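I opened this entry to keep track of what I looked up in the two chains. The coordinates go in first, then my notes.

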Amino acid sequence: MTEFVGAEARLQSEMESESRLAAGDSERSAQGARPGGDDESAAAKRLSRKRLIFRRFKRNRSAVVGLYIYGFLLVFAFAGTHIAKWSYSQIDRGEYLKSPSGSHWFGTTQAGRDLFAMTVHGLQKSMLIGLTVAVFSTTLAAIVGSFAAYFGGFIERTSLWVIDLLLVLPSFLLIAIVMTGRGGRGGGVWPLIILITLFNWMLSARVVRSLTQSIKDRDYVRAAKYMGVRGPTIVFRHIIPNISSLLIIDATLNVAAAVLAETTLSFFGFGIQSPDTSLGTLIADGQTKVTTFPWIFVAPSVFLVLMVAAINFVGDGLRDALDPSSLAGGKAA
Amino acid sequence: MARFLARRLLNYIVLLFVAVTAAYFLAATQLHPRQLYEVSNPPIPVESINKSLDAYNLNDHEPVIDRYFDWLGDVVHGDWGRAPKGASVNDEISARIWVSIRLVTIGSVLGVIIGVILGAWTATRQYRLSDRITTFWSLIIISTPVLVLAVVMKLLATKFNQFFDSGFFEFTGETGRHAPGRINAWGDRFQHLLLPTITLAFAGIATYSRIQRNIMLDTLGADYVRTAQAKGLTRRQAVFKHALRTALIPTGTYFAFTIALLFIGAAITETIYSWRGMGVYGVSTIAGQDTNGVVAVVAFTGVCVLVGGFLSDVFVAILDPRVRQ
């Protein structure tokens, strides 16, 4: 879908960086193959891979700023409820559609609810949904993708078929149908998290599969196999750790994708239901009155864009830092 | 090659059939068209509710499996069924497809063309000021969901109209009141199309410039570009003939894949600018407990996805000589 193009675009670029990431893995195992064999290790102080990545990331100013902004928003989302004068569901009678003031920092809505408290509450929801969906869906993608590639045969064919099927189905409409069907039982965050996860893992799983295919015949995997290590153990011990670069990037970008999915669903009334509040419901409410009472739209939008932008900048920095052919590293050793 | 394509096509059809069937069962069990009749005042007797629902094959007292086979029989004959109040799904969709096409075509084509040019240009200037500025802004726009971007555009247009005391920007619907005459009618359409087109183009430019820049950076550093320069081509010739052409393949594939999805994917733009296209229809069928309508939209989307996938295969075959053999 055009409006979710961002999510697909990032996978496109993941696809290309995938070969480079795999190349990095081979470099690493090549180094491991000759332990202490090179003289440079004696001469120059060698950095561990973790330190190297950390250094590269730190050099990317916008990524670091993004990380700080995200951290700030995270703290704000959970501490904000304590500094707010009102609760998000509280109604201040007589104060309808008031512009920002001393008692209502971001103004009030038509029902007289405090926009600051509502925005903080919505931000909290988005944070929760973004982080949990990212962890769940990347985990699912890693497991399905690597098992499919490692075991091949029936498992691979079945999982590829399921992936294709889920890609053909328009996720937005199906989630909306299920959420509407739940109707009176309330929207709730957890059904939404599960549904978004269910329709979010497929493209990453495909990337994981093709990466796994490129490393499953490496010596260390074969050695483990001949020593009699069981298949699933090999996957968890040798394969998944070796594609961790991709998984970290994927999880980061999934945070943004999940937040956008939730916001869009709530915007159309299929996600979080009133009286509960999310950034999506607030924007939907605010956009109808944007020319006369702009603050209802502005507050949630600013926080939403800030959050997604921060995640994207961090993701960009991570990709540069984890990419072995990256020029961002400068002095690598 | 032909056998490969035929097998692929068969696989697509099976996939689509399973997907639509799954969607039917999901929609038929989760949506409740009966509710629409039950809320009416004065209340309608149960018998007449059942009669109406039976007529549209929406009666939840009948087993889902029976309804499914009735529905399937009609679909085979090209009839996608009725909405809970009797409107024909076929009529609705055939009118809305054209609205969607009129809405998204110009915006998305502009988005991809400008995006590709911008991406290719910034790639040749990596890490210079112009590249940094473009990268920064494209990341900001990618991070701005359409539901924010479209509203911001609308707000800016209103301010513009107020400031110049004009009605230049129109932002509700496809057409409005205008002076008689064909030229005025076209002008009116243009004014209504302007804002959604800018919105869609912005989103497209940001996305495609990102993709194109990333791919172009890879091809610019490739050996064959260096070879081309070594054998005497200028940098400019090498970039255009070898780097850009190669870098267009993935972007083109991606565009071919998404072009089919444009029909359905503009739900937010349609909502904010009040166009009655396919995206809004998809949303309204669910809100309106319209089982048959939503399944038809799912099927339509599925066809779009598969056509997009097929188009991108064909596109690669045309552009990439290695695949053709």
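I take helices (H or I, at least four residues) and strands (E, at least two) as DSSP runs, numbered from the N terminus. On that basis I find 15 helices and 0 strands in chain B, and 14 helices and 0 strands in chain A.

Before going further I noted the ground rules. The model is predicted, local features need pLDDT of at least 70, side-chain atom pairs count only at pLDDT 80 or more, and totals for chains, interfaces and linings use all residues. Residues are numbered from 1 along each chain as its sequence is written, with chains lettered from A and ligands numbered from 1 in the order in which they are written.

**Confidence, chain A.** I looked up pLDDT, the predictor's confidence in each residue, from 0 to 100. Chain A averages 82, and 82% of the residues score at least 70. Among the elements of chain A, helix α5 (residues 115-151) has the highest mean pLDDT (94), and α1(A) the lowest (44). Residues 1-19 of chain A have pLDDT below 50, yet the stretch has 44 contacts in the model beyond near neighbours in sequence; I count a contact when two C-beta atoms, placed from the backbone, lie within 7 Å. Residues 328-333 of chain A also stay under 50, with 12 contacts beyond four places in sequence.

**Whole chains.** I call a residue buried if 20 or more other C-beta atoms lie within 10 Å of its own, exposed if 12 or fewer, and partly exposed in between, again with C-beta atoms placed from the backbone. Buried residues make up 48% of the 333 residues in chain A and 42% of the 325 residues in chain B. I took contacts between residues at least 6 apart in sequence and asked for the share joining residues at least 24 apart: 73% in chain A, 72% in chain B. The C-alpha atoms of chain B fill a box of roughly 85 × 65 × 40 Å along the principal axes.

**Interface.** I found 42 residues of chain A in contact with 50 residues of chain B. On the chain A side, elements that each supply at least two residues include α1 (5-33), α6 (153-168) and α7 (171-182). α14(A) gives the most, with 9 residues. The chain A side divides into 25 nonpolar, 13 polar and 4 charged residues.

**A:Ile177.** I checked its contacts, leaving out residues up to four places away in sequence: A:Ile177 touches B:Leu26, B:Ala27, B:Gln30, B:Leu31, B:Ile286 and B:Val294.

**B:Leu16.** This residue sits in helix α1 (residues 2-30) of chain B. Is B:Leu16 buried or partly exposed? B:Leu16 is partly exposed, because 18 other C-beta atoms are within 10 Å. Not counting residues up to four places away in sequence, B:Leu16 touches A:Val168, B:Gly302, B:Val303 and B:Leu306. I also looked at B:Cys304, which is 288 residues from B:Leu16 in sequence and 11 Å from it in space, C-alpha to C-alpha.

**α11(A).** In this helix I listed A:Ile234, A:Val235, A:Ile239 and A:Asn242 as buried. Seen down the helix axis, the buried residues of α11(A) fall within an arc of 100°, so they line one face; the arc is that of the directions from the axis to the C-beta atoms. The face turned away from the buried side carries the exposed A:Thr233 and A:Pro241.

Conventions. Ala, Val, Leu, Ile, Met, Phe, Trp, Tyr, Cys and Pro count as nonpolar, Asp, Glu, Lys and Arg as charged, and the others, Gly among them, as polar.
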